[in-house]
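Please examine the sequence and the structure shown here.

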Amino acid sequence: MRYTSVAAALGLTLLTVSTALHGQRPDDQIDPRSVALLEKGKAARAAGNLQGATDLIETALAVDPRNRQGFIVLAEIARAQKLDGKAIRLYREALLLEPNDVAALRGQGEALVARGAVERAKENLAKIRKLCAKSACPDATTLAASIAKGPPVTAAQATPVKPDAVAKN
């Protein structure tokens, strides 16, 4: 009798968990509405309407948050707007859905280089090379070129002109 209530609670827990897992869709089935909104967002981006594209793609992600391509396109838009920190976060979201996504690893690596995190970008390059070990991989070449170029020089990092050199001219 002491174990009846515990056994009943355990049984209800198992029933609840099993029905919740049974109701989920596989990861490769993205909601068609989300895909349609993503395509509209890509078209808006191609037309130069970055804000409209962002709105459409964010709506696509609200419809189905497993739409990895939506995170990647949104990250590319953020990079075009020079929002590298936001792009890194969006690429990370895509990599949480698929850790072996070479395009997301490359994009995140390029955004990391732009932020000055070259060592972390080199880690992404190593992952890409490991994934593409058997074939040529243009994503690895692109990221390696970005790493070799290095982060962009900002005004704060530029070498200041000495006052004496200005006075002599």
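## Basis of the model

The model is predicted, with local features requiring pLDDT of at least 70 and side-chain atom pairs counted only at pLDDT 80 or more, while totals for chains, interfaces and linings use all residues. Residues are numbered from 1 along each chain as its sequence is written, and side-chain values use heavy atoms, leaving out hydrogens and water.

## Helix 6 and helix 8

Helix 6 (residues 102-115) and helix 8 (residues 138-149) have axes that come within 9 Å and cross at roughly 5°. Helix 6 is therefore roughly parallel to helix 8 (a term for angles under 35 degrees). Helices here are DSSP runs of H or I with at least four residues, numbered from the N terminus; axes are lines fitted to C-alpha atoms over the stretch in contact, with angles from 0 to 180 degrees between N-to-C directions.

Residues in contact (heavy atoms within 4.5 Å) include Leu105 and Val113 in helix 6 and Leu143 and Ile147 in helix 8.

## Helix 2 and helix 4

The axes of helix 2 (residues 32-46) and helix 4 (residues 68-80) come within 11 Å, crossing at roughly 20°. Helix 2 is thus roughly parallel to helix 4. Leu38, Lys42 and Arg45 of helix 2 make the contact with Gln69, Gly70, Val73, Glu76 and Ile77 of helix 4.

## Disulfide

One disulfide is counted (a pair of cysteine sulfur atoms within 2.5 Å). Cys132 and Cys137 form this disulfide, with their sulfur atoms 2.5 Å apart. Cys132 is buried at a relative accessible area of 14%, and Cys137 is buried at 11% (buried means under 20% relative accessible area, with a 1.4 Å probe and protein chains only).

Notes:
Helices (H or I, at least four residues) and strands (E, at least two) are DSSP runs, numbered from the N terminus. Angles under 35 degrees count as roughly parallel, over 145 as roughly antiparallel, 65 to 115 as roughly perpendicular and the rest as oblique. Buried means under 20% relative accessible area, exposed over 50%, partly exposed in between (1.4 Å probe, protein chains only).
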